[in-house]
Amino acid sequence: MITVAALSPSVDLMYLVDHLKLGAIHRPAAVRVAGGKSLNLARAAATLGADVAAVAVLGGATGDYIEQELVKAGIGIRSVGSPGETRVCVSVAGADQDGLTEFYPYAPEIPPEVWSAFRTRLAGMIASRPGWLVINGSAPQGLDDSAYAQVVEMSHQSGLKVAVDTHGPVLAAAVDRAPDLVKINRYEAAELVGVDADSADLEALAAVIGERTGGQVIITDGRAGAVGRAADGATHLISLPEALNGRYPVGSGDAFLGGWLAATDIGASPATALRLATGCGTANALLPGPGNLDPETAREVADRCTVRSL
């Protein structure tokens, strides 16, 4: 089972236009999903058939919409009400240009009483859901840097394995609680270790972080692939197929982690899990809407990935 702690969800709205021009009127097609990094991950894992549930801080009409969409997607949801309206994040994709224009407000501040209610609700859910607990994305305003570390510790006490994907002081504090997986990108890993990101060796970074946690480490590097280090120190480098280059990369890192968890949760080997993770991240970039992917495409890409032991 995979349980997701969603502290900063959003409604993710992507507008598709033929041409994006500043100051002009556009008549876009729109893709709208229940998003934020945690729920992108949840949707990707559920698409692969994993048993996924989420505890999410939700507020207002956008929060109601997210809850309804998760139910439709077959994702179990326990919501924690918050006085702040759940945010809406907007991306605009022009068919005649690469890249996206993005508008991402910060998640609403979480008051102390909401944080307390969230922890209580999460503890109640994981008591009956063995497997993995995932906490990813930036910590909302109003929370202490130790917030994610508290979730890691609470989940370990309940017998769950914990995956963490975040950055900055929140990541450093969580790493000190020895999560079972740290999945971050090159720049987040370099910041954590205190080295220059552009010249850093990913295998060395993974080793430093793995020795600190005693668990598994995955460091992603965009189109260059990823390095995965198992708890026993075995390390793999995975490379993507050259021919694929999706236009919608938002959420690909979340889909990557969702794919890895879905594979690992049913006993896949580290190399197999890395393959499916990479397939999911790539398939996500081929479709508009973060966390949206075709599972067959993900598996086809996974079969074409190259894995090498380091």
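The expected span is taken as 1.5 Å times one less than the number of residues in the helix, and helices (H or I, at least four residues) and strands (E, at least two) are DSSP runs numbered from the N terminus. The model is a predicted one, in which local features need pLDDT of at least 70 and side-chain atom pairs count only at pLDDT 80 or more, while totals for chains, interfaces and linings use all residues. Residues are numbered from 1 along each chain as its sequence is written, and side-chain values use heavy atoms, with hydrogens and water left out.

Helix α8 is mostly covered, since 12 of its 13 residues are buried, where buried means under 20% relative accessible area, exposed means over 50%, and partly exposed lies in between (1.4 Å probe, protein chains only). Among the buried residues of α8 are Ser252, Asp254, Phe256, Leu257, Trp260 and Leu261.

A search of the whole structure finds two aromatic pairs, a pair being formed by rings of Phe, Tyr and Trp (its six-membered ring) whose centres lie within 6.5 Å, with planes under 30 degrees apart counted as stacked, over 60 as edge-to-face and the rest as tilted. The rings of Trp115 and Phe118 have centres 6.0 Å apart and planes at 15°, so this pair is stacked. Trp115 and Phe118 both belong to helix α3 (residues 112-126), where they stand three residues apart, about one turn of the helix, and both are buried. An α-helix has 3.6 residues a turn, so residues three or four places apart point the same way. In the pair of Trp132 and Trp260, the ring centres are 5.6 Å apart and the planes meet at 85°, so the pair is edge-to-face. This pair links distant parts of the chain, with Trp132 in strand β8 (residues 132-136) and Trp260 in helix α8, 128 residues apart; Trp132 and Trp260 are both buried.

Grid points are joined across faces, edges and corners, and a volume is the space filled by probe spheres set on the points. The largest pocket holds about 1200 Å³. Of the 47 residues that line this pocket, Lys37, Pro249, Gly251, Ser252 and Gly253 are the closest to its centre. The lining of the largest pocket divides into 14 nonpolar, 23 polar and 10 charged residues, with Ala, Val, Leu, Ile, Met, Phe, Trp, Tyr, Cys and Pro counted as nonpolar, Asp, Glu, Lys and Arg as charged, and the others, Gly among them, as polar.

Three cavities of 30 Å³ or more are counted. The largest cavity contains about 80 Å³ of space, and of the 13 residues that line it, Leu7, Pro9, Val57, Thr86 and Pro108 lie nearest its centre. The second largest cavity has a volume of about 70 Å³, and the residues lining it include Gln216, Arg229, His236 and Trp260. The largest share of this second lining, three residues, comes from β11, and the lining divides into six nonpolar, three polar and one charged residues.

The structure holds zero disulfides, a disulfide being a pair of cysteine sulfur atoms within 2.5 Å. For Cys305, the nearest cysteine sulfur is that of Cys280, 10 Å away. Cys305 is buried, with a relative accessible area of 5%, and Cys89 likewise counts as buried, at 4%.

Two loop residues complete the description. Ala178, in the loop between α5 (168-175) and β10, has a phi near 55°, a positive value in a residue other than glycine, and is partly exposed at 30% relative accessible area. Ser138 lies in the loop between β8 and α4 (147-157), and its C-alpha atom is separated by 8.6 Å from that of Leu7, 131 residues apart along the chain.

Technical notes:
On a 1 Å grid over the protein atoms alone, a cavity is a set of points where a 1.4 Å probe fits but cannot get out, and a pocket is an open set with protein on both sides within 12 Å along at least five of seven lines; lining residues have an atom within 4 Å of a point.
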